[in-house]
Amino acid sequence: MIPAAFDYLRAHSADEAFAHLQKRGADARVLAGGQSLIPAMRFRLARPAVLVDINAAGDLNHLRVNDGVLEIGAIARDSDIERAQWITDRRWSLIRDVSRVVADPVVRQMATVVGSLCHNDPAGDWTTTALAARAIVVVRGKSGTRTVSIDEFLVDSFTTAVSEGEMALAVHFPVPDDRTAGSYQKIERKVGDFATAAAAVQLSLNANGTVREAGVALSAAGPCAVRVEEAERLLVGQKPSADLIRAAGEAASRRSSPQADLRGSVEYKKDLAGVLAARGLRQALSRLGVQV
Amino acid sequence: MRVKVTVNGAAYERDVEPRTLLAYFLREQCGLTGTHVGCDTSSCGCCVVVMDGERAVKSCTMFAAQADGHQILTVEGLANGGTLHPMQQAFWDQHGLQCGYCTPGMMLTAVALLKRHPNPDEAEIREGLSGNLCRCTGYQNIVKAVQQAADVLRQQPAGAVK
Amino acid sequence: MNLQYSGEEKISANAATVWTFVQDPEKVGRSFPDVVEVTVLDATHVDAVVQVAVGPVRGKFKMKVELTPSPANQRIDMKVSGGGFGSAVDMTAGADVIDAGDGTTLLKWSGQAVARGPVAAVGGRVLDAQAKKLIEQAFANIRNQLST
Amino acid sequence: MSTDSKPAGPLGMPMKRKEDPRFLQGKGHYIDDISLPGMLYQALVRSPYPHAEIKSIDISEAMKIPGVTAVITGKDLEAAGLGWLPTFHGFDKQMVLAIGKVLFQYQEVAAVFAETREAAVDGAEAVQVDYAPLPVVADPFTAKTDKVILRPDREAKTNHIYHWEVGDRDATTRALAASPKRIKQRIWFQRCHPAPLEPCGCVAQFDAMGRLQFYVTSQAPHVYRTALTLVTGIPEDKIHVVSPDIGGGFGNKVPVYPGYVCAVVGALKLGRPVKWIETRTENLTSTGFARDYHMDVEIGASAEGRVTALQVSTAADHGAFDAAADPSKYPAGMFGVVSGSYDFPAAHAEVDAYFTNKAPGGIAYRCSFRVTEASFAIERAMDILADELSMDAVELRRKNFVKKDQFPYASRLGFTYDSGDYHKTLDTALEKIGYQTLLKEQAGKRAKGELMGIGVSTFTEVVGAGPSKHFDILGLKMFDSAEIRIHPTGSGFVRAGTKSQGQGHETTWAQIVAEELGLDPQNIMVEEGDTDTAPYGLGTYASRSTPVAGAAVAMAARRVREKAKKIAAHLLEAGEADVEWKDYKFQVKGVPAKSVTMKDVAFAAYTNMAQNEPGLEATYYYDPPNMTFPYGTYIAVVDIDRDTGEVKVRKFLAVDDCGTIINPLVVEGQIHGGLTEGFAIAFMQEIQYDTDGNNLNTNFTDYLLPTSLETPHWDTAKTTTPSPHHPIGAKGVGESPNVGSPAAFVNAVIDALSPLGIRHIDMPVTRDKVWRAIREAEARKRSS
C-alpha cells in the first residue's frame, strides 16, 4: 500500500520543528520513528497533509542521566535504551524489561519512546511503563516549554495533552534509588503483537524491607494505560508477603477494563492483568533479593 | 523532492515524491531489487536494510526522504567482489534459505545483530531475528547459519568485512 | 465488527420541542460532532461530512443519514451509512422522546454500528471508543442546542 | 531400484543448493522485479461489503487523478465476454470483477490502470461504489438452510455445491451400532491461508507480434496458459507464460486470480504492459484460502481397543465460488485418506460443500488436496478414542496399524497404499524421544498439578496426483514431464513441467539426472517455469513434484541412457547386448577395464555416433501408476501455564518415511518448514469471519505467522521404505510435516489438559481458549 500524498518538512532542531508545527497546525504530524504512523498512512487511515520529520533534530537525540533524571529525547530509539550501559543496573530493571519487548527488535531500531507515548495506544508498552515509573513529559507549546505528569499526559485512546501545534520534546524518568527494582510482564500472541495484557511494576523498599514506593500500571486494560492506585496503596508501607501480592493482583484485575478482541475475551484479559501484576511484583521483589 | 542516499557506497540522487518509501526507492530508483516487500504492517522484515552501518531498519516503514544523507547497505552490497560475505556463505552452507524471498532482510538483520553481539547464543539469535518472518525454513538452519557467520566474523580483523 | 451503544440525555425543553428538533434533518445533521458540511436532500434525508481526528487517523468521513419518525410512539429511528478510507460504517440508532415533566424531556437512545473494511480491520481498536464518542456527542449536542 | 550396492553417487548426497548464490546476492528474479518499458500499474477496487447489490459505480473522480489512464468494471468485462473465469475445479466459474453484486468482502469490483503505483492506488481510492447490503451467509450451516440463495447465476437454486462420498455407508452404520465403544466429535479445521511472503502478481504484455507475454507467480505455468486460452480465446500458441522465481507458494499460487485477467485485459485494451502486485491484505482476503472443514468424526471400537468402523461427515465452506483446485473427479480431494494408518474393517466418508459470503479457494495448502484435514481428523479422533477406552494413545495406534505384510494395502476408502512399516517408524520415534521416561516425568508432574502433555500423530499421506485414469484438472491429466539434453562435453540441462518455489528442484533434478547418467550434478542446469521451453506439465503442488516430475526426470534420463548405450557399444566395439551400465559407466560385461563414461559417450553422440541418430536427448511424460504414501510418527511435548493458558512446545520429534531421499539437506529443510507451518496452524493461523461476514485477519498483525522466537526446535529422524512403483523409490516429503504435525500439537495440549476432563479444543489453540477450557473445567469440578 502507498500512503496518500503529503508535504514533507525536515526539521534540524526542536525550534525548527516547532515553527513548522505552528505554521501548519492541524494538518501536520510529527514524524519521529514512524513505526505506528507510517503503517497507518499506508492503509490511508492516517493522511496528514504535512509531515514534520524530526529525525535530523540533533537536540532531540539525547539519552542521558542528568541531575537525578533520565532524559529521553524525542528521537532516542528504543534500541538505544536496550543497549545503554546503565541499563543493567537493577534500579532500571523495569525499563530494561520493556525495552526488550516493545514491537520487534528491528522496529525498535527506529521506534522512539516519546513517539510511543504521544501515540498513546491502549496497548502501549511505554505508556504503561511511564505510569509505573512516574515519568514526566516535556511539552513545547506556544507559551514555552512545560512539564506534564504522565497521568495528565495520557488523556484518552490516541489522545494526549499535546495540543495542535505543540510537540513533546522528551520524557523524564526520575532516577530511582538503589533499593528499587521493577518488572515488565507482557503476554503477546507473538513477537511484534500488541499486548494481550501487560503489567508494569516498580517497587522501592525501605531499609526495613517495607515498601516505600510502588508503581503498578496495566496495558490493554482500558482506553489507555491505567494506573492501579488500589494496588499501589495496598503495597506502600507494607512488608511484602504472598497475601499482599495476591491482593495487589486482585486489585489489578478489578481495575482492568479491557476490550474483547482477537487477542482474548474481557474475562481472560482481566484475569491476566491480575496474574501479570502479581508476577511482576514477585519478580521485582526477587530482583531486590526478597522471595515471597 | 530531491534526496541523496548512499547505497552500498554509491551515491544515488533522485527526485521523488515525499511519500516514496525507502524500499521502493531502492528497488525502483536504484534498481536494487534484492530488497523485497512482503507486507504493509512492518511485520515481515523482507525489506530490512542496514542504515549507517549499524541500524537494521524496515525500509518499507521509512520514507526515502528519511534516508537523505545517510548510508544504506542492501543485500547487493554484502559480497566483496566475487567473495560472498561470511553471512551469505553461512546461509548457503547451512541451507538457511529456500524460496529466498526473506533471505536478504534476514541476512541484513543478522549482520546488524552481530555488530552488537559478536557472540550470541541460540536464544539471543532467535530473539534478534524475531522481527523477520520466514515461511520456508522453520528458522533452525537460519540460526545455525548466523552461528557459523558469527564464528567466522569473530576471527576476522575488525573492519575486514562490512 | 459489530458495536452496541446506549444512553440517555435529559433535556431542559419540552417534549414537543425535542420531537420537532429530532425530525429536522438539518438540525440532526448539525448535531454530529466536528461536522463540516451538511446537505439536506429532503425531509428525511441529509448528507453530513464530519472531520474525524483520533490519533493518527484523521480525515473526512461522509455519512448519509435517513430519519424515520414514528409520531405515534414519539420515536425517531436513524440510519447512518458512512464511507471513507475505503471502508464502510453502517449505524442505526433509535431515540424515544419521553416527557419527563417540568418542561423537561428524556431522550433515551440506543444504537449499533457495523464497521467494515480497513477501518474495522486495522483501526478496530480505535473505532469502538470513537464511534461511541461520536454517538454520545451527537446526542449531547442535541441536548446542548435545545437547552440554550 | 537402482541404488543397490553402488559407490556413493549424487543421489542421497547432501549437496548445497545450486540456486542459492543468486538468492544470497539479491539476484533472485521475482515478479515485482520485472519492469518493462511503458509499463502501467494496476490497482483493484474492492468491496467492503460481504454481500451487496452494486447500485452504481462512479469512476469520474478516479479518471481525474493525474496518471490514471483507465478504469474497468465487471460490466465492461461482461460486454467483452470476459466477465467470468472458469475455476480449475471445472464445476464453477468465478466473477472476474463483480457483476451486479458482490459475494464476499474484498471482492474485486473495478480495476484501475495508471502510470505509477501511487496514481493507481489514488485512483482506486477515488472510485465511488454505491452498495445496497444484502443478508450475509457466513457459515455452511446457515448456507445449508437455503434461506438466502447466494448464487442465482447458477442453475440449481441452492447453496449446496456437491455431495461426495466414499466407502460403505450401511456396513459402517451397522458396525458402529454393534461397537461396544464409540466416540463422536465435531472437529473444525479452521480456515487458514498459505501466506507466502511474496504476494501474488503478474506483468502482462502483448509484444510486437501480438503475442501475450505473461509473467506470473504461478506454481503451474502450463495450466495457466491453457486456462488463459479458455478464458480469453487467445490461441495457446499466442500465449507465453513465464513463472519467474517464486517467493513461496504453498498452494496459494495455483489458481488463476481475477487480478491476472484484469491485467491481461488492461494490456490488450491500453496497448501497454500492465503490472499488478497484490498487497498483503489482498493476498489474505481474496486469494486461495485453505481448509474450513467442519468434520463430524465417529469411531467404533471393541472394548479392547480394536477399531471397528469410521464415519466422517463433513460440511465444507467453499466461499462465494467453488474455486478449489482439486482434480475434477475428486471434489473433496484425497479426503478418503481419512482412515489414516489404521486398518478399519468398515469406513464411510462424505463431504457436502456450500457457498458462503467468504473468499473463494479451498486450495491444497502445503498438502495434497484435503489430506491435512483428513489426517488431523483421524489423528485427533484416535486420541479421543484412547481417552474413551482409558488406553494409552500409542498402544491404541499400534494395535490398529496397517501391518507391514498387508502392503500394498487396499483401504476401505478406495486407496491402495504402496508401502510402509508403521510399527518400525513408531518404535524408532518412541525410542529416540524416550517415551517411557517422558511418561514417568508426566506422572510426577500431574501429581503436583502441573500440566504436561505428550502428543503423538502417526499419519499417512497420499501424494503425487496422479494416475491419468483418475486425475485431471480442467480435463488435463495429471502427468508430468521432463526433457533432458546432454551437450557434447558432458554437461546438459533438464527442463520440467514443475515449478520450484523454494523446494530446490534446480539441485534435486540435477542430482537425479547425475545419478542416472553418471555426470556431475554441478553441470546439469535445471530450467522450469517457461512454457515456451519446458515440456507440458501440471506444476508443483500437492507434493507431486518428486513423485511425478521426479519420476519423469529419472525416466527421461534412462531414455538418454538407452540411446547412449548404443553409442557406447560402438565405442567399446561390442554388441549392445554385451554392454552394461555399472558404477556410473558403460562397460563390457565382465570386463570392467573396458569401459566408457557418459562424458565419452556424449562427445561421441555429436562426433562419432556411427549409424546412430546424432544427439543425446530425451523427453518423458510420466503417468504414475499409483499415488505414493509417505508417513511418519510425530511426537510433541508441551507444558501449559495454568494461569495464562500459554502452551510451550518443549520438544518435538518428527520421524518421517518418505521413501528414497534425493538430498537429505533439502529434505531436512522441507521438514523444518512444514513443521513450522503445522505449528502455526495449530496455534496461530486463522482466517476468521464474524457473523456479519467481515474478514478479521486481513494483514500480518492479525494473521499470525510465527517468528524464530515462538518456533520450537525441531528434532528429526528417518526410516526409509521406498515406494515400489516410483523409478527411484521416492515418495515426496514437502508436505508431510504440515499434514502430520497439527494433530501432534493439539493432541499434546489435550493430553496435558486431560486430567481436567478436557477432550477437545478447536484450532488454533489460543491461550484464551486454553485458559477458558481450564476455568470451565475447574468450575465443573467445583460444582460436582
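In chain C, 50% of the contacts (heavy atoms within 4.5 Å) with a separation of 6 or more join residues 24 or more positions apart. This is a predicted model, in which local features need pLDDT of at least 70 and side-chain atom pairs count only at pLDDT 80 or more, while totals for chains, interfaces and linings use all residues. Residues are numbered from 1 along each chain as its sequence is written, chains are lettered from A and ligands numbered from 1 in the order in which they are written, and side-chain values use heavy atoms, leaving out hydrogens and water.

Let us stay with chain C for a while. Its secondary structure consists of three helices and seven strands, where helices (H or I, at least four residues) and strands (E, at least two) are DSSP runs numbered from the N terminus. Read from the N terminus, the order is β-α-α-β-β-β-β-β-β-α. The C-alpha trace spans about 45 × 30 × 25 Å along the principal axes of chain C. Its radius of gyration, taken over C-alpha atoms, is 15 Å, which agrees with the value near 15 Å for a compact globule of 148 residues; the rule behind that value is 2.2 Å times the number of residues to the power 0.38.

Now zoom in on helix H1 of chain C, residues 15-22. Its buried residues (under 20% relative accessible area, with exposed meaning over 50% and partly exposed in between, for a 1.4 Å probe and protein chains only) are C:Ala15, C:Val18, C:Trp19, C:Phe21 and C:Val22. Seen down the axis of H1(C), these buried residues fall within an arc of 160°, so they line one face of the helix; the arc is that of the directions from the helix axis to the C-beta atoms. On the face turned away from that buried side sit the exposed residues C:Ala16 and C:Thr20. Over the whole of chain C, 50% of the 148 residues count as buried.

Chain A is our next stop. It holds ten helices and 14 strands. Its radius of gyration of 19 Å is close to the 19 Å that the globule rule gives for 292 residues, so chain A is as compact as a globular protein of that length. The C-alpha atoms of chain A fill a box of roughly 55 × 45 × 35 Å along the principal axes. Of its 292 residues, 61% count as buried. Among contacts in chain A with a separation of 6 or more, 64% are between residues 24 or more positions apart.
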